[in-house]
Amino acid sequence: MQYHIIPVTPFQQNSTLIWCDNTMEGAIIDPGGEVERLLTTAQQLGVKLTKILLTHAHLDHAGGTEELARRQKLTVEGPHREDQFWIDLFPQQVQRFGFEPVEAFATDRWLEDGDTVSLGDETLEVYFCPGHTPGHVIFFHRATKLAQVGDVLFRGSIGRTDFPRGNQQQLIDSIKTKLWPLGDDVQFIPGHGPMGTFGEERASNPFVGEGVR
């Protein structure tokens, strides 16, 4: 499996194009906006888009979902059904964050902890990691030890929990019980900023590192 990170929107949210080497079938994870740019990148890399995957339903991660799905006839998988709360708030999110009006989307498949998502010959594992939002999930590709974690974890930090239905203790528990067991050598793509490894964050992250209680 290959990946290409495409920061979009004024929030520089990491939309990620992933694809299967064998079939060249691909997906966009968290298409927050700039749909034309996402489509151009996929075309330039020879990737045939078949689906959209969502870690959570904050506007900077999901704002381009409806347009992208409609234009390319893509299926939408994710997030967990608890994030319907945030989809219903799309109009308020547009006002709060200063985005251009966008259409709310309807997912084709809510995801649960332990589900898998197929992409060509590749399989992604789904882990339910609430705290930043009530329905946040992350995607893990075991063969390449790559995790797409949305706004759960960042290099040197963790996701915000001051939004409605955020919960810091729940987020910390998600990181320690769902992410850390996947292995210190796992590379992760966060929702914003540079990539890191679980091992580095487990050792030094001031919120969830070893020794932090």
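I started inside: the largest cavity holds about 50 Å³ of space. For me a cavity is a set of points on a 1 Å grid over the protein atoms alone where a 1.4 Å probe fits but cannot get out, while a pocket is an open set with protein on both sides within 12 Å along at least five of seven lines; lining residues have an atom within 4 Å of a point. Grid points are joined across faces, edges and corners, and a volume is the space filled by probe spheres set on the points.

Housekeeping before going on. This is a predicted model, where local features need pLDDT of at least 70 and side-chain atom pairs count only at pLDDT 80 or more, though totals for chains, interfaces and linings use all residues. Residues are numbered from 1 along each chain as its sequence is written, and side-chain values use heavy atoms, with hydrogens and water left out.

**Cavity**

I counted 1 cavity of 30 Å³ or more. Its lining is made of M1, I18, I29, L124, F139, H141, L146, A147, Q148 and I189. β8 and β9 are the elements that give two or more residues to this lining, and β9 has the largest share with 3 residues. Elements here are DSSP runs numbered from the N terminus: helices are H or I with at least four residues, strands E with at least two.

What sort of residues line the largest cavity? I get 8 nonpolar, 2 polar and no charged. (Nonpolar is Ala, Val, Leu, Ile, Met, Phe, Trp, Tyr, Cys and Pro; charged is Asp, Glu, Lys and Arg; the others, Gly among them, are polar.)

Next I looked up the largest pocket, with a volume of about 240 Å³. It is lined by 16 residues, and G33, G63, G64, E67 and V102 are the closest to its centre. Helix α3 (residues 65-72) gives the most to the lining, 3 residues. The lining splits into 5 nonpolar, 5 polar and 6 charged.

**Helix α1**

In α1 (residues 35-44) I find V35, L38, L39, T41 and A42 buried. Covering the buried residues are, among others, β1 (2-8), β2 (13-19), β3 (25-29), β4 (48-53) and α3, with contact meaning heavy atoms within 4.5 Å. After α1 comes G46, with a positive phi near 75 degrees.

**Sheet**

I traced an open sheet of 6 strands, ordered β6-β7-β8-β9-β12-β13, with mixed pairing. (Two strands pair if DSSP finds at least two bridges between them.) β6 (116-119) and β13 (196-197) are the edges, each with a single partner strand, so one side of each has no neighbour in the sheet.

How do β6 and β7 pair, parallel or antiparallel? They are antiparallel, over 4 bridges, and T116 has E125 of β7 as its bridge partner. Their hairpin has 2 residues between the strands, and G120 takes a positive phi near 60 degrees there. β7 (residues 122-128) has 6 of its 7 residues buried, so it is largely enclosed by the rest of the structure. β7 also runs antiparallel to β8 (residues 137-141), joined by 4 bridges, with E125 opposite F140.

Further along, β9 (residues 146-150) and β12 (residues 187-190) pair in the parallel sense over 4 bridges; there G150 has P190 as its bridge partner.

Notes. Buried means under 20% relative accessible area, exposed over 50%, partly exposed in between (1.4 Å probe, protein chains only).
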